[in-house]
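Look over the sequence and the 3D model below. The report then takes up loops, backbone geometry, charged pairs and confidence.

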Amino acid sequence: MNKVRTWKTQVLPSVMVLLAMVSLSGCGSDEPAPTTTPAAGAAPVAPVAVAATATAEPTGAAQTVPELLEAARVAMREQRLIQPVGDNAIEYYLKVIDAEPENRHAQLAILELMPLAQGVAEQMIDTDRLDEAQSAVALLKRAQPTSVVVTNLEQRITTQRRAADQKLQAEEEQARLAERQARDQAATQAAAAAAPSAPVPSRPPTTAPRDPVSTPPVSTAPPTQVASAAPATSIAADTAPQNQDFKLVKRVNPTYPSQALRSRTEGWVELSFTVGVDGSVDGVEVVNANPRRVFDREAMRALSQWKFTPRVEDGKAVAAKARQRLEFNLN
């Protein structure tokens with residue numbers, strides 16, 4: 001009887017722990033948990049280690065459709081529509097469609113999210129975050145390959161990159177010109193300082209012979225050499241442009257209004273504006289438009305972001321008035 005009581009006291013706790021761990025592991029997996037019969041006298045720690053190993057989940061497992069839908073809902077609540085890469089609502093819904101092409105929930109969600117996501121991509125372009133915008137637009141193109149708005153966003157990125165390259169080239173050219181002018185001016189000043197001044201020839205005074213009836217003698221002094229007060233003309237100053245008109249260095253294309261896209265409306269807007277002494281655009285106003293108040297806001301918003309080299313008059317930058325007509329065509 002004592003031996004039976006001792007066996008129950010030592011073995012039963014180990015059996016109970018093992019059964020509990022097997023039950024827990026069975027709750028987290030669809031496969032039946034393996035049963036293990038402990039040997040008599042085995043230490044109670046061994047079953048716990050085996051059960052813990054059995055319940056460890058594999059890393060990098062593919063998400064199921066319900067998990068992807070839940071992840072997309074969380075991303076929408078947290079305003080992660082198209083960023084970051086791999087953890088945003090549009091990308092989760094696209095993965096759902098890859099797994100279930102006829103999933104209506106994901107299809108409708110993408111249709112509802114597209115205008116908001118396009119607005120986020122447009123903000124990236126407006127703030128010159130072109131690399132992020134490129135990634136976002138590529139994702140939107142996967143969602144709607146034939147979207148006219150997405151195509152316009154692609155064109156804006158291309159145009160803005162080209163304008164940035166042109167601006168950089170213009171700045172580098174201006175820097176090289178300024179360096180060359182400074183070098184030429186320094187060489188001219190050094191040559192003027194090193195040139196010896198011409199000596200003034202001395203001439204003895206001449207005295208007319210005295211005569212009772214002649215006039216008193218007049219002494220003729222040598223001519224006085226007077227230095228010019230005007231500074232030496234610089235070669236760089238001769239070659240520097242004194243007058244030139246303003247030139248466009250950065251162009252931002254307007255976005256096609258969504259309402260006009262839906263109604264297939266085309267038109268144009270003529271704008272007046274001022275190019276400041278720093279090349280920025282100010283005072284944008286609509287002069288004429290067809291149709292009225294359809295494309296005005298987008299045209300003004302785009303033109304206000306243009307950049308120019310300022311007009312130069314007599315070697316100084318001045319403000320200049322200008323006009324521009326922007327066309328809105330669906331093709």
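## A loop between two strands

D314 lies in the loop between β5 (311-313) and β6 (316-318). Strands here are DSSP runs of E with at least two residues, helices are runs of H or I with at least four, and both are numbered from the N terminus. Phi of D314 is near 55 degrees, which is a positive value in a residue other than glycine. D314 counts as exposed because its relative accessibility is 64%. The classes are buried (under 20% relative accessible area), exposed (over 50%) and partly exposed (in between), with a 1.4 Å probe and protein chains only.

## Basis of the model

This is a predicted model, where local features need pLDDT of at least 70, side-chain atom pairs count only at pLDDT 80 or more, and totals for chains, interfaces and linings use all residues. Residues are numbered from 1 along each chain as its sequence is written, and side-chain values use heavy atoms, with hydrogens and water left out.

## D128 and its partner

D128 also has a positive phi, near 65 degrees, in a residue other than glycine. D128 sits in the loop between α5 and α6. D128 counts as partly exposed because its relative accessibility is 46%.

D128 forms a salt bridge with K250, the closest N and O atoms being 4.0 Å apart. A salt bridge here is a side-chain nitrogen of Lys or Arg within 4 Å of a carboxyl oxygen of Asp or Glu. The pair links distant parts of the chain: K250 is in strand β1 (residues 247-250), D128 is in the loop between α5 and α6 (130-143), and they are 122 residues apart. K250 is buried because its relative accessible area is 16%.

## Further salt bridges

How many salt bridges does the structure hold? The count is 16. One of them pairs R156 with D126, with the closest N and O atoms 2.6 Å apart. R156 lies in helix α7 (residues 148-194) and D126 in helix α5 (residues 104-126), so this pair ties together parts that are 30 residues apart in sequence. R156 counts as buried because its relative accessibility is 3%. D126 is partly exposed, because its relative accessibility is 29%.

Another salt bridge joins the side chains of R323 and E270, at 3.4 Å from N to O. R323 lies in strand β7 (residues 320-328) and E270 in strand β2 (residues 267-275), so the pair ties together parts that are 53 residues apart in sequence. R323 counts as exposed because its relative accessibility is 55%. Salt bridges that share partners also build a network: E122, D126, R156, E298 and R301 are joined into one.

D296 is found in helix α10 (residues 296-303). Leaving out residues up to four places away in sequence, D296 touches V269, V286, A289 and P291. Contact means heavy atoms within 4.5 Å.

## Two cis peptide bonds

P291, one of the residues that D296 touches, is joined to N290 by a cis peptide bond. Omega there is about -10 degrees. P291 lies in the loop between β3 (281-290) and α10.

A cis peptide bond also joins Q83 and P84, with omega about -5 degrees. P84 is in the loop between α3 (65-77) and α4 (89-99). P84 counts as partly exposed because its relative accessibility is 41%. P84 and S135 are 51 residues apart in sequence, yet 9.8 Å apart in space, C-alpha to C-alpha.

## Confidence

The protein averages a pLDDT of 77, and 68% of the residues score at least 70. pLDDT is the predictor's confidence in each residue, from 0 to 100. Over residues 1-8 the pLDDT is below 50, and this stretch has 2 contacts in the model beyond near neighbours in sequence.

Residues 207-239 also stay under 50 in pLDDT. For that stretch the model has 21 contacts beyond four places in sequence.
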